[in-house]
Each structure stands twice: as C-alpha cells, then as structure tokens.
Amino acid sequence: MIVVIQCAAGKQNHAGHLRTSDGRKVMFVANPRLSPPNGNRIYARPDDFAPSGKSWREELIEYNRDPKGNPHGLLPAWKLYKNLAYKTLADHVGRDRLYILSAGWGLIPSDFLTPKYDITFSKARNVERYKRRSLRDEYQDIPLPDGISDPIVFFGGRDYIPLFCKLTTGAKGPRTIYYAGTTPDVSGCKLKSFGKPYTNWQYQCARKFVEGRIG
C-alpha cells in the first residue's frame, strides 16, 4: 500500500534552504511579487529560473540525485513538517511507501530532501496572499511514478484533492480518498467519509488508520 498525506504549514525551524550563488536563502512562495521585503533572502516560485539557467525545481531534483553531503541541510519530507503524523506514518508503512502531496513540489517521496517553502492551497483568511496557490497556476509538479499497482490511500483537505487526482493518473492500483464534510466531486477514486470537517482533521484520520481503526 502507498499512503499519501498533504503537506503542512508548520515546518521545522532548523529546516534548510536552497541558496543563491551569493549565499542568500531562497524562500519558495506562490506569489513572490507580493512577498514582504527581506534583504537576507529572495522569494521565488519553484519553477522560476535559478542563476544556473535551470528552474529551482530542476536544481532540487538534481540535488536529490547527488546531495554531496547535503551542504544546505535539507530535511527529508517526513522530517520537514512539525506534526508527528508524518513520522508516525513513515514508521508504520515505511518511508518508501509514504508520499507527501506538497503544494510547492508535487507528489514527493517521504525521503525527498525538501527546502523550506511557504505555499498552500488553503483559502483561509489568515493565509497571506503571497502564500496562496491557485489550481489554475502552472506548476511542473512531480507526479507519482507511472505503473504503481499498489492500493493508494490519501489523507488531505478538499483543496488538495484535485492535485492528488491529477498526479496519480498513472497509477494502476485503486485509489482511496478520505474526506471530511460534503462529498467531493471526483471520478476514478473510492471515497470514504471521515465525518464533519475541523482543523487538521487529516492527522486524526491518519492516526486512526495507523491504529487500525479505519479501513
């Protein structure tokens, strides 16, 4: 079984950054032009061009292929987020069976070295505009590798379901989406209700999954 859980806003304080050639940290956001000024860092979208002429996404993929000792101190995705649900799932299903649905990078393996970023699909009023990604925005999201025949289970909010469906179209196995609230309008996936929505319900859902209290 493959387990997928959406990303989270809360990231470890010691998480690393990709950097420019002059050493400045790169913070990845949805709308850099709306970002607050900060002379010690630059703001960029994952698919903006890096000084090398490649996109930052391409730079990150190459970094993962050969980290060379991981000089930027990037954390694997399962360690990047503060909530313990990510470690719990990684321990339960195995790091090679866990993927994170990231609003910045796509569907990344749990051991994918991931820089700090601040991108979300959330429409909550307290989320600054520069962090908000729209489903209409063009991103070269990393998809799930084609041909996976294992069952896939997804824990994530309604705003993340369209991206999950898009990035798993090459999967051969059945896909199950746990949701809260009204039934989402999707096809090709089995839907399982977790009841009424509340803040970060997906973590409670994942915990019950690990405990064997849901299917």
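A residue counts as buried when its relative accessible area is under 20%. In this predicted model, Asp47 has 18% relative accessibility and therefore counts as buried. Asp47 is found in the loop between strand β4 and helix α1 (56-65). Leaving out residues up to four places away in sequence, Asp47 touches Ser55, Arg57, Glu138, Tyr139 and Gln140. Glu59 lies 12 residues from Asp47 along the chain, and the C-alpha atoms of the two are separated by 9.9 Å.

Tyr139, one of the residues touched by Asp47, also meets two arginines. The charged end of Arg133 sits over the Tyr139 ring, 3.8 Å from its centre. Arg45 lies over the face of Tyr139 as well, at 4.6 Å from the ring centre.

The overall fold was examined next. The protein chain contains 5 helices and 12 strands. For 215 residues, a compact globule would have a radius of gyration near 17 Å; the chain has 17 Å, so the two agree. Along the principal axes, the C-alpha atoms fill a box of roughly 50 × 40 × 30 Å. Buried residues account for 49% of the 215 residues. Contacts between residues at least 6 apart in sequence were also examined. Of these, 58% join residues at least 24 apart.

The largest nonpolar core has 66 residues. Within this core, the residues that touch the most other members are Val4, Ile5, Phe28, Ile100, Leu101, Phe155 and Phe164. The surroundings of Ile100 can be listed in detail. Neighbours within four places in sequence aside, Ile100 is in contact with Ile5, Gln6, Cys7, Ala77, Tyr81, Tyr86, Gly106, Leu107, Ile108 and Ser110. Tyr86, one of these contacts, belongs to the buried residues of helix α3.

Helix α3 spans residues 85-93, and its buried residues are Ala85, Tyr86, Leu89, Ala90 and Val93. Seen down the helix axis, these buried residues fall within an arc of 135°, so they line one face of α3. In general, an α-helix has 3.6 residues a turn, so residues three or four places apart point the same way. The buried residues of α3 pack against β1 (2-6), α2 (77-80), β6 (98-102) and α5 (201-210). Gly94 follows α3 and has a positive phi, near 100°.

Helix α5 also has a buried set. Its members are Trp201, Gln202, Tyr203, Cys205, Ala206 and Phe209. The elements that cover them include β1, α3, β10 and β11 (175-179). Just after α5, Gly212 takes a positive phi of about 75°.

In one of them, the ring centres of Tyr43 and Tyr130 are 6.3 Å apart and the planes stand at 75°, so the pair is edge-to-face. Elsewhere, Phe28, Trp56 and Trp105 form one aromatic cluster. Phe28 is also among the core residues that touch the most other members.

Technical notes
Residues numbered from 1 in each chain as written. Predicted model: local features only at pLDDT ≥ 70, side-chain atom pairs only at ≥ 80, totals over all residues. Heavy atoms only, no water. Phe/Tyr/Trp six-rings, centres within 6.5 Å; stacked < 30°, edge-to-face > 60°. Lys NZ or Arg CZ within 6 Å of the ring centre and 35° of its normal. Buried < 20%, exposed > 50% of the residue type's maximum accessible area, 1.4 Å probe, protein only. Helix = DSSP H or I, 4+ residues; strand = E, 2+ residues; numbered from the N terminus. Arc of directions from axis to C-beta. Contact = heavy atoms within 4.5 Å. Core = buried A, V, L, I, M, F, W, Y, C linked by side-chain atoms within 4.5 Å. Rg over C-alpha atoms; globule rule 2.2 N^0.38 Å.
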